[in-house]
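Student: Could we go through this protein together, a few questions at a time?
Tutor: Happy to! Have a look at it first.

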Amino acid sequence: TFVKIIEILKPTHCIFIGVAASNTFNPAMNAMNKKHIGIEWVEKVGNTFGRKGVVLDGKISADIVFVKHTGKFFSWLNWHNFLLKNCAAPIDYLKSIAEN
């Protein structure tokens, strides 16, 4: 489903709420023969590692970031800082439209 959504919407960034999908992302992309830069565990925030990767499908390049699920024991400030470091462009865009 995710690959179909990428093909239709052609996003530049995707933020996953929850990190579980990152555990099977690389094998799934390989099984579908989709080009990607594999998911990396980049920074520990609390007791969970934030993760990121890239989907490369033809002309589409989408940065993918995984954060801890926001439903339980979520430190919004720490994860906000993680997103500012690893997903700055969409955060800046959202700030600019919120100011208007």
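Predicted model: local features only at pLDDT ≥ 70, side-chain atom pairs only at ≥ 80, totals over all residues.

Student: How many disulfides does a search of the whole structure find?
Tutor: A disulfide needs two cysteine sulfur atoms within 2.5 Å. The sulfur of Cys14 has its closest cysteine sulfur in Cys87, 9.0 Å away, so the two are too far apart for a bond. The number of disulfides found is therefore 0.

Student: Is Cys87 buried or exposed?
Tutor: The cut-off for buried is under 20% relative accessible area. Cys87 has 2% relative accessibility, so the label that applies is buried.

Student: Which residue in the hairpin of strand 2 and strand 3 takes a positive phi?
Tutor: Let's start with the strands: strand 2 (residues 35-45) and strand 3 (residues 48-57) run antiparallel and are joined by 8 bridges. Within that pairing, Lys35 has Leu56 as its bridge partner. The hairpin has 2 residues between the strands, and the one with a positive phi, near 65°, is Gly46.

Student: Which element gives the most to the largest nonpolar core?
Tutor: That core has 13 residues, and Ile6, Phe25, Val55, Ile64 and Phe66 touch the most other members. At least two residues each come from helix 1 (2-9), strand 1 (13-17), helix 2 (22-31) and strand 4 (60-67). With 4 residues, the top contributor is strand 4.

Methods: Residues numbered from 1 in each chain as written. Heavy atoms only, no water. Buried < 20%, exposed > 50% of the residue type's maximum accessible area, 1.4 Å probe, protein only. Pairing = 2+ DSSP bridges. Core = buried A, V, L, I, M, F, W, Y, C linked by side-chain atoms within 4.5 Å.
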